[in-house]
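Visitor: Could you walk me through this structure and show me how to read its features?
Guide: Gladly; let us look at it together.

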Amino acid sequence: MLLPQSQIRQKRKIGELTLNILLINKRKIEISMRTLELEKIENKDDDEIADAMRNSDGISKVRDFFYKKYKNTKKLKGASVTDYDSSFGIKQFFKAGLDPIEQYVGTFKVNVYYDEKSNTLEYTIQNTTSMTSAFYHASPSYDTGGPMSNYYQTYKFSEKLDSTKFKKK
Amino acid sequence: MLLYAISLSSCIGSEFQREKITDNYYLITTDNYNKDIYIGYKLKTGDFVGVLPSTVFSIGNNEKYIVAKQHPFVFPVKVDSTINYYIIPIIRDTLFPENGILGPLTLEEFQMKKEELGIINVNFSKNISINK
């Protein structure tokens, strides 16, 4: 029986949870099944995957870049960062810790758009999972639409613009 | 143990493939040159940010400009058969590599702009065959 995310976070905080590969693999299979079902479907705010990605190292980097890029811009209308690529390397692997979602999604690219109406930043994460990725670059990729071919996922979430971050950068 | 290692590290290591065009400009693909092929710019931090979105299928350059042909790509659905032409000025050390890009242009507009900029001799030297 898998623990809900809230309990995993709580246990992680109090140090009860040690590296449990079986748990990670179970969750990865579960997520894998889910992402296959969700292929071509956009995940919205509050989705568990989007929520995990919100705090990931890759998103932190693109967030920092957005605030740095527009530091001296008075009007943010149309402000965006597109195709920011976030590579999931060894460093990110350890930063992700026990978060199986972050580990599963791995390398992704992100688009960030400023929505003037809601004063929010809209994040769109695009992830391609290929056989090359699944077998750690030891296999070719296919795009036939059949088994073993590439599949593409999109996750979305938004957050309020934090004007104080323009001052820090 | 090996299976554990493969499973655990399924997404470790960059899935992106990058090929330098010139200066900080790279041709980048996330899916082994299937559909998602775009031009990115290497930042001082070592991260990359997009300059021209997918699907770029032909490029060329001189020391001042990159020229590119692109099919619009709606991730992850399909690659449109329309051909857009772009002229990208090469900018060094910037947070706004998308500034000054001319395009999308039709072939006629592209030829006119090339003449205006005096880069008529910049041709498409690299072609990529993609899955539409």
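**Reading the model, feature by feature**

Guide: Let us start with a helix, α4 (residues 57–69) of chain A: at 1.5 Å a residue its 13 residues should span 18 Å, and its end C-alpha atoms are 18 Å apart, which agrees. The expected span is 1.5 Å times one less than the number of residues. Helices (H or I, at least four residues) and strands (E, at least two) are DSSP runs, numbered from the N terminus. This is a predicted model, where local features need pLDDT of at least 70, side-chain atom pairs count only at pLDDT 80 or more, and totals for chains, interfaces and linings use all residues. Residues are numbered from 1 along each chain as its sequence is written, while chains are lettered from A and ligands numbered from 1 in the order in which they are written.

Visitor: Which residues of α4(A) are buried?
Guide: A residue is buried if 20 or more other C-beta atoms lie within 10 Å of its own, exposed if 12 or fewer, and partly exposed in between, with C-beta atoms placed from the backbone. In α4(A), the buried residues are Gly58(A), Ile59(A), Val62(A), Arg63(A), Phe65(A) and Phe66(A). Viewed down the axis of α4(A), they fall within an arc of 160°, so they line one face of the helix. The arc is that of the directions from the helix axis to the C-beta atoms.

Visitor: How confident is the predictor in chain B, and which element has the lowest mean pLDDT?
Guide: pLDDT is the predictor's confidence in each residue, from 0 to 100. Chain B averages 86, and 85% of its residues score at least 70. Among the elements of chain B, helix α1 (residues 2–8) has the lowest mean pLDDT, 45, whereas strand β9 (residues 84–89) has the highest, 98. For the complex, the predictor gives an ipTM of 0.82 and a pTM of 0.72.

Visitor: How many helices and strands does chain B have?
Guide: Chain B has two helices and eleven strands. From the N terminus on, they run α-β-β-β-β-β-β-β-β-β-β-α-β.

Visitor: What is the order of strands in the open sheet of five?
Guide: Strands of a sheet pair through backbone hydrogen bonds, either parallel or antiparallel. Two strands count as paired if DSSP finds at least two bridges between them. Here the order is β10-β9-β6-β5-β11 (chain B), with antiparallel pairing. The edge strands, each pairing on one side only, are β10 (102–105) and β11 (126–127) of chain B. Strand β5 (residues 56–61) of chain B is joined to β11(B) by two bridges, and Ile59(B) stands opposite Lys126(B) there.

Visitor: Why is strand β2 of chain B described as largely enclosed?
Guide: Five of the five residues of β2 (residues 25–29) of chain B are buried, so the rest of the structure largely encloses this strand. One side of β2(B) holds Tyr25(B), Leu27(B) and Thr29(B), the other Tyr26(B) and Ile28(B), and all are buried. β2(B) pairs in the antiparallel sense with β1 (residues 17–22) of chain B over five bridges, with Arg18(B) opposite Ile28(B). β2(B) also pairs in the antiparallel sense with β3 (residues 37–42) of chain B over five bridges, and Leu27(B) stands opposite Ile39(B).

Visitor: Where is Asp23(B) found, and what is its phi near?
Guide: Asp23(B) is in the loop between β1 and β2 of chain B. Its phi is near 45°, a positive value in a residue other than glycine. With 15 C-beta neighbours inside 10 Å, Asp23(B) counts as partly exposed. In chain A, Asp83(A) also has a positive phi, near 50°; Asp83(A) is buried, with 22 other C-beta atoms within 10 Å.

Visitor: Which residues touch the most other members of the largest nonpolar core?
Guide: In soluble globular proteins, nonpolar side chains tend to be buried together. A nonpolar core is a set of buried Ala, Val, Leu, Ile, Met, Phe, Trp, Tyr and Cys residues joined through C-beta atoms within 7 Å. The largest one has 49 residues, of which Ile39(B), Val56(B), Ala68(B) and Ile88(B) touch the most other members.

Visitor: Which peptide bonds are cis?
Guide: One cis peptide bond joins Ser54(B) and Thr55(B), with omega about 5°. Another joins Gly103(B) and Pro104(B), again with omega about 5°. Pro104(B) is found in strand β10 of chain B.
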